[in-house]
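Colleague: I've got a two-chain model open here and would like to talk it through with you. Can we go over the strands, the sheets and the chain contact?

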Amino acid sequence: MATHDITLTVNGTTEEATVESRTLLVHTLRDELGYTAPNVGCESGKCGACTVEVDGDAVKSCTVLAVQADGSEVTTAAGLADEGLDPVQRAFHDEHGLQCGYCTPGMLATTHQLLDENPDPSRAEIRKALKGNICRCTGYGNVVDAVETAAGRLREADDESGDGPSDGSADGSSASGAGPDGRAAPPEPGAED
Amino acid sequence: MFPAEFDYERAESVSEALERLEHHADADVEILAGGHSLVPAMKTEGREPDVVVDLDVPALDAVNALDDRTVVGALTTYATVADSAAVRATVPLVAETASEVGDLQIRNRGTVGGNLAEAHPGADLPAAALATDATVLLRNPDGKREVPATEFFRGDGETAIERGELLTGVRFPHTDGAGFAYAKKTHPATGYAMVGVAAVVETDGDGGGDGGDGNAGGGTVSSARVAATGAVDRAVRLPSVEGALAGEPLDADSIDAAAAEARADIDADRLRSDPHASGEFRGELLETYAARALERAAERVAGDAPTA
Ligand SMILES: Cc1cc2nc3c(=O)[nH]c(=O)nc-3n(C[C@H](O)[C@H](O)[C@H](O)COP(=O)(O)OP(=O)(O)OC[C@H]3O[C@@H](n4cnc5c(N)ncnc54)[C@H](O)[C@@H]3O)c2cc1C
Ligand code: FES
Ligand code: FES
């Protein structure tokens, strides 16, 4: 059966892969290219563990053919951070928004899009945005707290950086622990209409 | 979990897509839009097409608001529709319904055309298409064809689309100024509508126009379109509810009386049943959600509630 040569930009790095028509994006990312942030959970589009951003949109990568994504910019949860933890990742850490962490990469990718579009979401809006990300162990209270905290810190950082470039430590607090293996700066989020 | 093997082809224009469909006339061909029904079905439901034609046609991803109607291209995603200022201004029910589909990620990929073509019995947009009196736009090798939404849905997964035909868009007559609402009871397992009711209600106020006095119920219903999804094998209008409202003031009593008619048009043995909800329970949900949709529509006629 036919194979296709595709090019993806993953976390800022140009990657090439040869895929079958039926190969799913999540498998190309994980198995072919080694980007293991997106996890495979339900495989049916329901749990959101495989969420990555494709051209700025949070997408369940188990329900997209790799060949459909040819030419796209993909950002995984690991690519959200430049170095160390990004403010969203740090907030999940600080607020105990995870237990086993299986759902976390997907939660982070979805949260990233939410906060891009709505920097000051209500708790109800946070819950609505994370509806497609199922957590099997920690419950959602701390996750919602984490998103709220991240939003507040990002807004503060935004206010502060109004009159000059910031030093990159977005909320001024000390980063705890080593960050994930962020490979490169994430692409600019695409403007939505 | 992989789909079975198939050949993938990409079409970058409507005519190219039609050519490919014609070329593979003897094969089992599926069109790929957002893929969010097709890809899961190819993984777990034994859908095994020989060829998948991926629609990659930017012109079909567009919202076009004209004087009295808005045309939404087949490849427009729910997220785009829900956020579109033009859709919110001209057919706000459609924006509200799109914002209720699935979850954020599904709304980023699923398309208006795919939703209608798939015709899942619990899909959300078919209810909005019926309640707004929309028309489905089709293209085939011989030209164009238009099918009113009321004639489009034929059953579970069955529509008026013929082999070799492409859904290119949907035309929604403007409903700005009318009360509207989509009230959905989400199925806990699938996310689709266990029951969803969409309503568009127009009233004849004394003052008319938009110089209304904000007096709730100050006018009678001149037209009501009410549609349900999830209850039977396809989305359906509820003519008995619509009839009960006509000529009545849009108040709590008339809404209750109209909602009580919600089951009148549906044979009890047609009601869908699954482990989460028996047909009988769906029938009860239908009345409750009809009442909720009409209450919210009435508030919006009165200008008390924000638009979508
Ligand atoms: C987890 C999950 C939850 C969901 N929840 C909901 C929900 O709450 N409400 C809801 O309404 N839907 C829901 N859906 C379905 C989702 O909205 C689908 O995306 C949608 O029904 C199909 O649209 P699509 O663009 O993905 O189409 P595809 O999956 O690409 O195609 C679906 C079918 O339509 C045909 N088709 C597509 N486009 C055209 C066209 N232009 N012309 C002719 N034929 C065409 C295809 O050949 C295929 O048979 C859910 C899906 C998932 C995975
Ligand atoms: S693995 Fe993709 S949504 Fe669950
Ligand atoms: S932290 Fe374990 S699944 Fe969410």
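Colleague: Which strand pairs with strand S4 (residues 63-65) of chain B, and over how many bridges?

Modeller: Bear in mind that this is a predicted model. S4(B) is joined by a hairpin through 3 residues to its partner, and Asn64(B) has Val71(B) as its bridge partner there. The pairing is antiparallel, and the partner is strand S5 (residues 69-73) of chain B, over 3 bridges.

Colleague: And what is the bridge partner of Arg69(B) in S10(B)?

Modeller: S5(B) also pairs with strand S10 (residues 166-173) of chain B, in the antiparallel sense and over 5 bridges. Within that pairing, Arg69(B) has as its bridge partner Pro173(B).

Colleague: Chain B has an open sheet of 3 strands as well. Which strands stand at its edges, each with a single partner strand?

Modeller: The sheet order is S1-S3-S2, with parallel pairing. S2(B) is joined to strand S3 (residues 51-55) of chain B by 4 bridges, and Ile31(B) has Val53(B) as its bridge partner in S3(B). The edge strands each have a single partner, so one side of each lacks a neighbour in the sheet; they are S1 and strand S2 (29-32) of chain B.

Colleague: What angle does H1(B) make with S1(B) where it packs on that sheet?

Modeller: Neighbouring strands of this sheet are turned by 25° against each other on average, direction ignored. H1(B) touches S1, S2 and S3 of chain B, and its direction relative to that of S1(B) is about 150°.

Colleague: Which residue does Glu9(B) meet in a salt bridge?

Modeller: The pair links distant parts of the chain, 11 residues apart, with Glu9(B) in strand S1 of chain B and its partner in helix H1 (residues 14-23) of chain B. The two side chains come to 2.8 Å, N to O, and the partner is Arg20(B).

Colleague: Over to chain A: which strands are the edge strands of its sheet?

Modeller: That one is an open sheet of 5 strands in the order S2-S1-S5-S3-S4, and its pairing is mixed. Strand S1 (residues 3-10) of chain A pairs with S2(A) in the antiparallel sense over 8 bridges, and Val10(A) stands opposite Thr13(A) there. The edge strands pair on one side only, and they are strand S2 (13-20) and strand S4 (57-60) of chain A.

Colleague: Which helix of chain A lies across S3 and S4?

Modeller: Helix H1 (residues 25-32) of chain A lies across S1, S2, strand S3 (51-54) and strand S5 (73-75) of chain A, at about 75° to S1(A). The helix lying across S3 and S4 of chain A runs at about 35° to S3(A), and that is helix H3 (residues 104-117) of chain A.

Colleague: Now the contact between the chains. How much area do chain B and chain A bury between them?

Modeller: The contact takes 32 residues from chain B and 35 residues from chain A. Carbon and sulfur atoms carry 55% of the buried area, which comes to about 2900 Å².

Colleague: Which residue of chain A meets Asp103(B) in a salt bridge?

Modeller: Of salt bridges, 2 are found across the interface of chain B and chain A. The one at Asp103(B) is 2.6 Å, N to O, and its partner is Lys60(A).

Colleague: Last one: which element gives the largest share of the side of chain B that touches chain A?

Modeller: Strand S1 (7-11), helix H2 (38-44) and helix H6 (104-109) of chain B each supply at least two residues of that side. By class, the side has 13 nonpolar, 10 polar and 9 charged residues. The largest share is 6 residues, and it comes from H6(B).

Terms used:
Residues are numbered from 1 along each chain as its sequence is written. Chains are lettered from A and ligands numbered from 1 in the order in which they are written. This is a predicted model: local features need pLDDT of at least 70, side-chain atom pairs count only at pLDDT 80 or more; totals for chains, interfaces and linings use all residues. Side-chain values use heavy atoms; hydrogens and water are left out. Contact means heavy atoms within 4.5 Å. Buried area is the accessible area (1.4 Å probe) that two parts lose on being put together, summed over both. A salt bridge is a side-chain nitrogen of Lys or Arg within 4 Å of a carboxyl oxygen of Asp or Glu. Ala, Val, Leu, Ile, Met, Phe, Trp, Tyr, Cys and Pro count as nonpolar, Asp, Glu, Lys and Arg as charged, and the others, Gly among them, as polar. Two strands pair if DSSP finds at least two bridges between them. Axes are lines fitted to C-alpha atoms, for helices over the stretch in contact, and angles run from 0 to 180 degrees between N-to-C directions.
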